[in-house]
Amino acid sequence: MIHAIIDTDPGIDDAIAILYALRHPDLQIAAMTTVAGNIGLEVTTRNAGSIATLAGVETPVHAGAAAPLDRENQPELAIHGDDGLGGVVLPDPAREVDSRDACAAMAAILDGAEPGSIDLFCLGPLTNLALLLERFPQSAMRLRRVIAMGGALEEPGNMASGAEFNFGHDPEALVRVLDSDLALTFIPLDATRQLRAGPDYLADLRAMGTPAAVTCADLIAAYFTSGAPDAPARESRPLHDPCVPLFAIRPELFRVTMRSVEACPHSGCLHPGPREIRVVMGLDAPALRAELRRGLAL
Ligand SMILES: [Ca+2]
């Protein structure tokens, strides 16, 4: 059993990742913490609660940073829509947002567990993790590892700056995370762009009929058309964030290498540098699509 906290900015691909993770028998998600990213904090927090409700679980949701450490929000409305979910309607959250903020909640969970027993899954900008390192450094060092979707090494980024969105949205946070002694695994665009879904996959999900699978089919369908309504695509945008829980559960389906990197503090671009981290540079897309489908059937 893997114990983890999910830090997230839902987000279409976040929602798919979370629906997979929350019901997976090999994962125990202690909490979700939210951050501004794909869309503002109020919406990402509400969406996290709605996703838990749809999944039929009681996972607490804690609101975190409403903006990057040192700059303005740059939401991705063109891709994720004003609601963050491409217009897919989820149930209202059954549970109130927890009064404890994201960092305090992470620290309490980490302090209450064996050191090295909890993973942090980062599906959004790294703002909350940087604040945890600042406010509760000893708690942060109790993390077993951090698995973060973010960065682009040999691939071009997906922001005007040339960076990947999560890292480019809050470069100062990325720099602080790289400056820490945390065990880091990054899953950059080099890997996530290899995991997409086609129309047949959506049809399979709909035929499965579980709320998680049908909702994921709707979310992926929105991910086909968003941004390009006149040019229906034959494959979805990359399923970036699902790679994080999939990596935790099925690491053998990913190609991991060690890289030495540093981050540009202005753009969030990764360059060769002194910090050695694990980087996922490839994946077995058919096997991972099958694993995702299995998880959504539960
Ligand atoms: Ca995300």
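These entries go from the sheet to the loop and then to the helices.

Entry 1, ground rules. I am working on a predicted model, where local features need pLDDT of at least 70, side-chain atom pairs count only at pLDDT 80 or more, and totals for chains, interfaces and linings use all residues. Residues are numbered from 1 along each chain as its sequence is written.

I found an open sheet of nine strands, in the order 3-2-1-4-5-6-9-7-8, with mixed pairing. Strands here are DSSP runs of E, at least two residues, and helices are runs of H or I, at least four residues, both numbered from the N terminus. Two strands pair if DSSP finds at least two bridges between them. Strand 3 (61-63) and strand 8 (270-272) are the edges, each pairing on one side only. From one strand to the next, the twist averages 35°.

Strand 1 and strand 4 (residues 118-122) run parallel and are joined by five bridges. I noted alanine 4 opposite aspartate 119 in strand 4.

Glycine 11 lies in the loop between strand 1 (2-8) and helix 1 (12-22). The peptide bond from proline 10 to glycine 11 is cis, with omega near -5°. Most peptide bonds are trans.

Helix 4 (residues 102-111) and helix 5 (residues 127-135) pack at about 65°, with axes 9 Å apart. Axes are lines fitted to C-alpha atoms, for helices over the stretch in contact, and angles run from 0 to 180 degrees between N-to-C directions.
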